Amino acid sequence: MLLGVDIFINMCKEYDYLLVGAGLFNAVFAYQARQHGKRCLVIDKRPHVGGNLYCEDIEGIHVHRYGPHIFHTSNKQVWDFVNQFVSFNRFTLCPVANYRGRIFNLPFNMNTFYQMWGTVTPAEACEKIRQQSASITGSPQNLEEQAIQQVGTDIYQTLIKGYTEKQWGRSCKELPPSIIQRIPVRYTYDNNYFRDNYQGVPEGGYNRLMNGLLKGIQCLTRCNYFENKSHFDELADKIIYSGSIDEYFGYCIGKLDYRSLTFEDEIIQTVNYQGNAMVNYTDSSVSYTRIIEHKHFDISNSAVLYSPISVITREHPVCLSSCCDPYYPICDQKNTDLYDEYLSLSKHEPTVIFGGRLGQYRYMNMDETIASALSAFSNIRISDSQ
């Protein structure tokens, strides 16, 4: 149920939980709370619920408005949880990279090595990488060293360097090695990006999942918490806050760094624009990092797949500004130390729970976000019962 701001403010109702942000963490928390008889109000400054999972219908195609999301997990509890609300198709993420017109399979695997060097066996690929990574000794000190140690100089220069420096807006020598450590490297002919037991995209789009989670819960959109903070703080016993933790404290000890994105949509009169849901552009001279063709996510819908119209989105990484939202925490030492200071401040806010990617200043996959929200509610119930 959506309420106008003025109408709601005059109602002065009380709730068990005020949830600031209508993204995945708070939606899961609110669902669990409602199942246990708790009264919840969810507010969000955007004109819709769903956070970054929100899908927009363009020409009958579910467009991932804030970047592509592929659900994947090996956590059966989480998988069973989301399947209460929506069925998932069998979409499998197999992205490709375009470097100056040359196409390479991702993640880095035997197909990639063959395309780069013509190597056929794992032993040949290992030897090639060993030769190219010999200059890196000891523990890598930055992303460049980490990447070269993992896949050698050719793949680093062709498929990693340009893409990564566009994505993060700084030299690979200035980025921590941890950023590249989670990228798969395989010595098999396997283009499946994820190794999880379960993978897919909701049939009908992510809005069905989010609307299912928030069904029966009061939601107030186009509402900036900080414009009426004192009022909203009085409405509930506890606040579940999933916005930026530094913004909550008024940036009192400094701003945390993020990278952001802008999205350039184009409607194209074609059945199939690029042959894949996701194509990365790794050359630094191309301003965008990737092109998403959204119809390829809807693999069980033949009407969409064979429609004569397609929608593509070019993703452009940018510095965070007032015109865009924070997406990727930059977890270097400076920002990690600053977050730790905010974390210390948060311990003095006993009625506020900080959750989600922005509230905890770390990148989280969707299954991690859901597990975190389920755990947060469970911990609160235990604490309240003591």
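Predicted model: local features only at pLDDT ≥ 70, side-chain atom pairs only at ≥ 80, totals over all residues.
**Entry 1. Strand pairing**

Two strands count as paired here if DSSP finds at least two bridges between them. E6 and strand E12 (residues 278-281) pair in the parallel sense, over 3 bridges. I then looked for the bridge partner of valine 96 in E12, and found valine 279.

Next I turned to E7. Strand E6 (residues 96-99) and strand E7 (residues 102-105) are antiparallel, with 4 bridges. Tyrosine 99 stands opposite arginine 102 in E7. The two strands form a hairpin with 2 residues between them. Arginine 100 sits in that turn and has a positive phi of about 50 degrees.

How many strands form the open sheet, and in what order? There are 7, in the order E7-E6-E12-E13-E14-E11-E15, and the pairing is mixed. E7 and strand E15 (328-329) stand at the edges. Each has a single partner strand, so one side of each is left without a neighbour in the sheet.

Is helix H4 (residues 110-117) largely enclosed or largely open? I checked burial along the helix. In H4, 6 of the 8 residues are buried, so the helix is largely enclosed by the rest of the structure. The buried ones are Met110, Asn111, Thr112, Phe113, Met116 and Trp117. I noted what they pack against: E7, H5 and H6.

H5 gave me a follow-up residue. Glutamine 132 lies in helix H5 (residues 122-132). Buried means under 20% relative accessible area. Glutamine 132 has 15% relative accessibility, so it counts as buried. I listed its contacts, not counting residues up to four places away in sequence. Glutamine 132 touches Trp117, Ile148, Gly152, Thr153 and Asp154. Trp117 is also on my list of buried H4 residues.

I also found a nonpolar surface patch that includes Tyr114. Tyr114, Val120 and Tyr189 make this patch, which covers about 330 Å². Tyrosine 189 is in the loop between helix H7 (178-181) and strand E8 (198-200). Its relative accessibility is 47%, so tyrosine 189 counts as partly exposed.

**Entry 2. Nonpolar cores**

In soluble globular proteins, nonpolar side chains tend to be buried together. I looked for such groups here. The largest nonpolar core has 54 residues. Which members touch the most other members? They are Leu18, Ile43, Ile155, Ile160, Tyr225 and Phe232. Helix H6 (residues 143-168) supplies the largest share of this core, 9 residues.

A second, separate core has 48 residues. Val28, Ile70, Val82 and Phe297 are among them.

I went back to tyrosine 225 for its contacts, leaving aside neighbours within four places in sequence. The contacts are Leu18, Val20, Ile43, Phe232, Asp233, Ile239, Tyr241 and Tyr248.

**Entry 3. Salt bridges**

I recorded 16 salt bridges in the structure. I looked at three of them one by one.

Aspartate 233 forms a salt bridge with lysine 229, the closest N and O atoms being 2.8 Å apart. Both lie in helix H9 (residues 229-233), 4 residues apart, about one turn of the helix. Aspartate 233 is partly exposed at 25% relative accessible area. Lysine 229 is partly exposed, also with 25%.

Aspartate 80 and lysine 76 also meet through their side chains, at 2.7 Å, N to O. They are 4 residues apart in helix H3 (residues 76-82), so about one helical turn separates them. I have aspartate 80 as partly exposed at 38%. Lysine 76 is partly exposed at 47%.

Aspartate 265 and arginine 65 form a salt bridge at 2.5 Å, N to O. Where do these two residues lie? Aspartate 265 is in strand E11 (residues 258-268), and arginine 65 is in the loop between strand E4 (61-64) and strand E5 (71-73). The pair links distant parts of the chain, 200 residues apart. Arginine 65 is buried at 14% relative accessibility, whereas aspartate 265 is partly exposed at 33%.

How values were computed. Residues numbered from 1 in each chain as written. Heavy atoms only, no water. Core = buried A, V, L, I, M, F, W, Y, C linked by side-chain atoms within 4.5 Å. Buried < 20%, exposed > 50% of the residue type's maximum accessible area, 1.4 Å probe, protein only. Contact = heavy atoms within 4.5 Å. Patch = residues over 30% accessible without salt bridge, like charges linked within 9 Å, V, L, I, M, F, W, Y side chains within 5 Å. Areas by Shrake-Rupley, 256 points an atom, 1.4 Å probe, with all protein chains shown as cover. Salt bridge = Lys/Arg side-chain N within 4 Å of Asp/Glu carboxyl O.
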